[in-house]
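Please keep the sequence and the model open while reading.

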Amino acid sequence: MTVVARFEVRYTQYLDPQGQVVRTLPDFARDPRALVPDYRAMLLMRALDAKAIAMQRTGQMGTYASTLGKEAIDAGVGAVLARDDVVLPSYRESGILFLRGVSPHRVFLYWGGDERGNVFPESPRDFPFCVPIALQVPHAVGVAYAMKLRKEPRVALAVLGDGATSKGDFYEALNAAGVWKLPLVALVVNNQYAISVPRHRQSASETLAQKAIAAGIACEQLDGNDAIAVRDAVGRALERARSGGGPTLLEALTYRLSDHTTADDASRYRSAGELAEAWKREPIVRLRSWLAANGHWSKDDEEALHRECAKRVQAAVKAYLETPPPGPEQMFHFLYARLPHAFAWQRDEACAPERVPEPHVEHHAG
Amino acid sequence: MSSITLVEAVNLALARAMEEDPRVTVLGEDIGVDGGVFRATAGLLGRFGAERVVDTPLSEALIAGMAIGMAAEGLRPVAEIQFAGFAYVTLDQILNHAGRLRHRTQGRLCCPMVMRMPCGAGIRAPEHHSESPEAIFAHVPGIRLVYASSPRRAYGLLLASIADPDPVVFLEPSRLYRLFKEEVGDDGEPLPLDTAFVLREGTDLTLVTWGAMTHEALAAADDLAAEDVYAEVIDVATLKPLDLDTILASVAKTRRCVVLTEAPRSCSFASEVSANVSEQGLMSLLAPVERVTAWDTVTPMARLESRYMPDRRRIVAAAHKVMQYH
């Protein structure tokens, strides 16, 4: 027999869980101050996340998908995307959207059950949250196709979970992106669980990154709890896409430190010990340790940042709670560019002032 | 003005739209060099190039999802699904995204795409190649559903669908692709996407249908005229949104209504038309609304398809039934 092809999957990590540098840092991280904005963003994400859960628990917001543990991924992605790139998130990427300029109260609105949470005036080409798993990856193929057709130096970045790599839509999209060498980056946030199903029951593949190999596209696995690794790997993938080098599949290893959503109870399917181990690898302490060790982060900085985050969270909560609920016409207003005549009566009836129902009187014969 | 077939009219409309609007991009399986399995895209590759006439991998779910991404990013994609029987996997994208992107983003992003596909039985095609999925798509909020039934209407309706700012599922009856020719002027004139067409005027009953069944309806109307029963024939053409006004106006005149479809009966689009006419036209009606449909069976393979699809004999029988009411 002859070997007709060989493949390898590379893994990128710069900071170990203690914040120690494990290999030569990339140029952008030579001056650790460059990572301070990432750290600030990560802490704000965590503060907003805690508030979102608190609001759900106190009946002020609906079911919410926590971002706890993936802050380094969202911060790194947000840091390296260009303004004109397009993000196609799943439902857990609110952190990326904050860095795109989207006001945090939008995220509260979305999970509070209001479509206006998907209005991103600050980043109008980005896609809305995508709840059905992996369907945003074919969208990214179309977005990237349009960019390439118009010869624009832009990239479509789709973010998905480990479970999404089991779906046909994911494979179909990667396959086509490879054929057309599209400016596309698919980023798998491997947080080890698709609700209750652990990574090893999702796929027998040694890595999820290697699923790119069958599509003939570049791939890389990285430590998703290492903000430097995220920036580096995503930055290189974006650059490859932008310069005509084609798509990349990235697998960022992290751990979902939260329940799947506020409607879930992860203690049903994973142990307290496992969770405690995962906390030792979380991204925020790691980055802070490294910044502090290099003299670029102090206790005072930390306290000031906490105060600032609390203020921003309060402002977001206020903006959310002060947004009046939409009227029933909202169901019809954006259904079509112009509501067809055939549906006008339904809108009119839905928007009619609510009437108190007539009391029901039983009539008995005889 | 030249006399062309329905599939040639589709081709003419695609070429016209691509000529007039550089955003229009066609995509699908075998649509490039091969020109599509029915040749609906023949010649487009040579005229407009491989970037705008995109041979996709064999990947229907991708085609639908990709078209959504292209549309949201400013192109005007016209996707071909090779046969309607292979379109079921696209429902996830059409239902969850195409039909709701505008609403979900409150008008920030929209989805001006067309997904066209041949459908219907009667060409002795292999298994899964003769489906009539209109009721399934008609149930999806936020889309338009258009069903062509002649070369002229295929041309005008497809141009309108491509220009429309919302997603359109465009059905083409493969049985009519080459059945007859019609004079079609390549004038770029769209037809309205909310209007039914009265194909034949009559006084005694209204035959309401769409797609290839319009031709069975016209043939049955000929048979009935020989008995001095005059049927009005309506081609619904746009199933969503439904032009109920034209149907109700006709029923107000004829006072009897028969709805025809070659799809299975239960929850068919004929049921939707029948319910609306019964609800809103009751005071005009002399007889219950009749439905003539295919059976609630799987679409059979070629040897039985003539026993599956409603024919003019069954339509005439239904007409006789409603004519018993005075």
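Gly28(B) stands opposite Glu80(B) in β4(B), within a pairing of strand β2 (residues 24-28) of chain B with strand β4 (residues 76-80) of chain B that runs in the parallel sense over five bridges. Two strands are said to pair if DSSP finds at least two bridges between them, and the helices (H or I, at least four residues) and strands (E, at least two) are DSSP runs numbered from the N terminus. The model is a predicted one, in which local features need pLDDT of at least 70 and side-chain atom pairs count only at pLDDT 80 or more, while totals for chains, interfaces and linings use all residues. Residues are numbered from 1 along each chain as its sequence is written, and chains are lettered from A and ligands numbered from 1 in the order in which they are written.

**The two sheets of chain B**

Seven strands of chain B form an open sheet with mixed pairing, in the order β3-β2-β4-β5-β7-β6-β12. Its edge strands, each of which pairs on one side only, are β3 (53-55) and β12 (238-240) of chain B. On average, and with direction ignored, neighbouring strands of this sheet are turned by 20 degrees against each other. Packed on this sheet is α7(B), which touches β2, β4, β5 (114-119), β6 and β7 of chain B and whose direction makes about 160 degrees with that of β7(B). Contact here means that the C-beta atoms of two residues, placed from the backbone, lie within 7 Å; axes are lines fitted to C-alpha atoms, for helices over the stretch in contact, and angles run from 0 to 180 degrees between N-to-C directions.

A further open sheet, of five strands and again with mixed pairing, has the order β9-β11-β10-β13-β14 in chain B. Here β9 (197-200) and β14 (290-294) of chain B are the edge strands, each pairing on one side only, and neighbouring strands are turned by 25 degrees against each other on average, direction ignored. Strand β10 (residues 205-209) of chain B runs parallel to strand β11 (residues 231-235) of chain B, and five bridges join them; within this part of the sheet, Thr206(B) stands opposite Glu232(B) in β11(B). Helix α8 (residues 213-225) of chain B packs on the sheet, where it touches β9, β10, β11 and β13 (257-264) of chain B, and its direction makes about 170 degrees with that of β11(B).

**Domains and the chain contact**

Chain B is divided into domain 1 (2-184) and domain 2 (197-323), with bounds that come from an automatic or database domain assignment. The C-alpha centres of these two domains of chain B lie 26 Å apart, and 23 residues of domain 1 of chain B are in contact with 22 residues of domain 2 of chain B. On the domain 1 side of this contact, α6 (134-138), β6 (144-147), α7 (151-163) and β7 (168-173) of chain B each supply at least two residues, and the largest share, four residues, comes from β6(B).

Between the chains, 37 residues of chain B are in contact with 33 residues of chain A. The side of chain B that touches chain A draws at least two residues from each of α3 (60-72), α4 (91-98) and α5 (101-104) of chain B, and α3(B) gives the most, with nine residues.

The table sets out the residue classes, with Ala, Val, Leu, Ile, Met, Phe, Trp, Tyr, Cys and Pro counted as nonpolar, Asp, Glu, Lys and Arg as charged, and the others, Gly among them, as polar.

| α3(B) with α4(B) | five residues | three residues | one residue |

**Two helix pairs**

The axes of α3(B) and α4(B) come within 8 Å and cross at roughly 20 degrees, and the two helices are therefore roughly parallel to each other. Angles under 35 degrees count as roughly parallel, over 145 as roughly antiparallel, 65 to 115 as roughly perpendicular and the rest as oblique. In this contact, Ala61(B), Ala64(B), Gly65(B) and Ile68(B) in α3(B) meet Asp92(B), Gln93(B), Ile94(B), His97(B) and Ala98(B) in α4(B).

In chain A, the axes of helix α1 (residues 36-57) and helix α11 (residues 299-321) come within 9 Å and cross at roughly 45 degrees, so α1(A) and α11(A) are oblique to each other.
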